[in-house]
Amino acid sequence: MPLIKIDSVSKVFKREFSNKKIEALKSLTLDVSEGEVFGFLGPNGAGKSTTIKLMLNLIRPTSGTLSIDGKNVSEKRVRRMIGYLPENPFFYDHLSAKELLWFGGKSCDLADSVIEQRTYSLLRDLELIDAMKRPLRSYSKGMVQRAGLALALIHDPSILILDEPMSGLDPMGRKKVFELILKLKEEGKTVFFSSHILHDIERLCDRAAILINGSLVRLINVQKDLPSGKTLEEVFFEEVERSGGLRE
Amino acid sequence: MKPKWSFLVLVFCIAGYALIFPFFEKHRYPERQVQARELILPPHVMKLLALEFRTVTADFLFARASQYYGGRSYRPWAWTKNDYAWLYNNLRVTTELDPYFEDPYYFGNAIFTWDVGAVNEANSLLEKGVRARTWDWQLPFYLGFNKFYFLHKNKEAADDLLLASKRQGAYDFLPTLAARLYNSEGRTEAAIVFLTAFLKNERDAKIRGKYAIRLEALKRMLFIERAVARYKNKTKKPPRNLQALVQSGIISEIPEDPYGGKFYLNRDGSIKTTSKLALPANPEKK
Amino acid sequence: MNGILSLAVITFKEGIRNRALFGIFIMALLAFALTVIMTSLFMRDIVRIAASLSLTTISFSGLLMVIFIGTNLLSKDIDKRTIYMVLSRPVSRAEYIVGKFLGLCFLAAASIAFLGIISSIPVFITGIGYQNSMAIFNWNVYFIAVLFIALKLMLIVSVIMFWSSVTSTSFISLILTIAVYIIGSTNEVVKGFLDQKIEGMNITPLMTAVIKCVYYIFPNLSAFDLKLQAANGLSLAHGYVLWTSLYWVLYVAIMVSAAALMMERREFP
């Protein structure tokens, strides 16, 4: 049984005070199995973030269903299993990383001692220990991203959903995230992430989906399906061509 | 569909709200009365605090005064010195904040002359109004009446009337009336002229009532004064009491005092009444 | 429950570290100092005036704080997407609303408690010099008045939450909250004018209906204004505190549950 099941999901956005409709997703169907590392790629505006937010119940599908571990994503207990990192994370400015993680743990019903221990180990791994008690507004972009990862991991979720986790990071930062995803894979976690960096997807993912203009155009088993000699990049641009270019 | 708990909670709360509202309102009532008499700071402080909102503050203060009076005037004997002091303070500040606002002057004059007998307070308000509202002929007119009728300051009253007559819209009889004021014998007639004019001008029903009753009393007093004059003319000496007028057939009966008292002939020959031209203190008491 | 409480805690922390709060407190302290000076302008009833000015300062500072910081905290969630940090946890929309509300209430309560205690200093100082005036003063009523200011502010917080759940811009919810504050402060008085049929006021049946609706629907904020009673040492009628508190509970509950309901239907693209 797939862990994440997206079944014929469509999402239409209607702008206020106008009849203009935007079809962000057109009947998307997708499965992710337990322990898989799944990549999600596509041009800007393809619907990647939309799909991710649907999984987090931040927005609701116009039609179709999404379920995780057999439960509809609208149930809040589903989010106990998920660690989410948004594209540009924003946090309450005046909180420290420690307080942020305390909140993350408490809202998942973790005991104080567990939170304390996990906080220290996570912040050590992510090299945020020194900044632990400083307010988040004093953090650099890379530090914020890492704090976001810590928040996504504090409750030891079995599923990680990351929206463009490498965006805006310097090479050191990107390396850290890369290694983290590898580590999670080894631990048997399921990772679902969207990215522009095709090279990373090639190296990390088991399977990947290409989304263009709200439709799933190609599902690739990265290790097996890539024809010899072709890189993922080439396959990607092929698909873009085939779809007749990019939508506005 | 799962039951929407928040919707049910909302409906439940609205029901509860509707249920307790009457009780809340009932308990609120006594406190409202307390709050009706707001703290009035001295005029210079109010002016400062009101910033650019002086006129609005003046409007609001006056509405409060009016409401306060309306709320309690059906039992005017229940008014204490504090009530009048508050009202006076309120009107003083209101006219400081906005000296051109006409209502407080008229309102204050009506209450302080007729209800409280505090003519000097009323006059101080009116004088302010006369200075500020230079186009308003009525304020000096009322001021003149007060000085003539209550304070017996005939010359000053006449001056006020002349000032009024110079302002636009004044009644043309004002200069003539001013001349009459010097004549101490025509007092009641002069007063009747004033009151008739007031009655014509006044919009507020409660205040009209006061003028009407006073006017009626004065008319009856004038009737008696004229009867006394006819008696003197006929018998060459003044009557001993008012009964004499009836006995000698000058009048068929002594008119009743609309204030509930009895008219009598005073030693100096003027007509007075036991009611002193005021309504009884507390009609509820027997 | 953990979700609600932990959210309340971080909302409180975020609010209390806001620089604007500091500014408002400084302003309040200056106003208190000014109170002591101002009372020397008066001759009698000094303690009464000191109490009145102190309570006005608390009320005004509290209002500023609640309106600016309250809308700021809620708008940050929506404008700057900090809400993702909360909604990605196993926390429902309703729990989010309740948690935020509790956090802001703690903030309001703590601030008013602080200001309330400080405000009693000028009153006390003034009282020392003028024992006659002090005789009629009643500390019980004074602190109930402070409590009611806190209740009023928490009610306004619930109104802010409601507007924030309905509108998408923090500015609009700010304006609407100020409107509710002004209407709520005057609706009882206006209905009073209506009931007494003041001379010369022409009120059409339509206006009567509107005034009545406004009186029932908008919160009656004058019920929480006990400055006069506190200033004059008047004790409150029996049951007043009880029924007014009940009114408060139900009104706040209506606002919060309506906000939760609206929030459930909202999307955060």
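Read along the sequence, chain B follows the pattern α-α-α-α-α-α-α-α-α-α-α-α-β-β, which amounts to 12 helices and 2 strands. Helices (H or I, at least four residues) and strands (E, at least two) are taken here as DSSP runs, numbered from the N terminus. The model is a predicted one, in which local features need pLDDT of at least 70 and side-chain atom pairs count only at pLDDT 80 or more, while totals for chains, interfaces and linings use all residues. Residues are numbered from 1 along each chain as its sequence is written, with chains lettered from A and ligands numbered from 1 in the order in which they are written.

Of its 286 residues, 29% are buried; a residue is called buried if 20 or more other C-beta atoms lie within 10 Å of its own, exposed if 12 or fewer, and partly exposed in between, with C-beta atoms placed from the backbone. Two residues are in contact if their C-beta atoms, again placed from the backbone, lie within 7 Å. Among the contacts in chain B with a separation of 6 or more, 48% are between residues 24 or more positions apart. One residue to look for is Ala18(B), found in helix H1 of chain B. Ala18(B) counts as exposed because it has 11 C-beta neighbours inside 10 Å. Between the C-alpha atoms of Ala18(B) and Arg92(B), which are 74 residues apart along the chain, the separation is 42 Å.

Chain B is divided into domain 1 (21-133), domain 2 (141-185) and domain 3 (192-286), with bounds that come from an automatic or database domain assignment. Where domain 1 meets domain 2 in chain B, 8 residues of domain 1 are in contact with 5 residues of domain 2. On the domain 1 side, helix H5 (102-115) and helix H6 (119-132) of chain B each supply at least two residues, and H6(B) has the largest share, with 6 residues. By class, this side of domain 1 holds 4 nonpolar, 3 polar and 1 charged residues. In these classes, Ala, Val, Leu, Ile, Met, Phe, Trp, Tyr, Cys and Pro count as nonpolar, Asp, Glu, Lys and Arg as charged, and the others, Gly among them, as polar.

The next topic is how the chains meet. Of the 2 pairs of chains in contact, chains B and C share the most contacts. Here 28 residues of chain B are in contact with 30 residues of chain C. Helix H1 (5-36), helix H3 (54-72) and helix H11 (205-235) of chain B each supply at least two residues of the chain B side, and H1(B) gives the most, with 18 residues. That side of chain B has 14 nonpolar, 8 polar and 6 charged residues.

Chain C also meets chain A, with 22 residues of chain C in contact with 24 residues of chain A. The elements giving two or more residues to this side of chain C are helix H1 (2-16) and helix H4 (83-87) of chain C. H1(C) gives the most, with 7 residues, and the side as a whole divides into 9 nonpolar, 6 polar and 7 charged residues. Chain A and chain B, by contrast, do not touch, and their nearest C-alpha atoms are 11 Å apart.

Chain A contains an open sheet of 4 strands in the order S2-S1-S4-S5, with antiparallel pairing; two strands pair if DSSP finds at least two bridges between them. At the edges are strand S2 (21-32) and strand S5 (71-72) of chain A, each pairing on one side only. Strand S1 (residues 4-14) of chain A is joined to S2(A) by 8 bridges, and the two run antiparallel. Along this pair, Val9(A) stands opposite Leu28(A) in S2(A), and Ile4(A) has Val32(A) as its bridge partner in S2(A). In the hairpin of S1(A) and S2(A), which has 6 residues between the strands, Phe17(A) takes a positive phi near 60°.

Finally, the largest nonpolar core has 158 residues, and those with the most contacts inside it are Ala150(A) and Val157(C). Such a core is a set of buried Ala, Val, Leu, Ile, Met, Phe, Trp, Tyr and Cys residues joined through C-beta atoms within 7 Å. Helix H7 (residues 139-166) of chain C gives the most to this core, with 17 residues.
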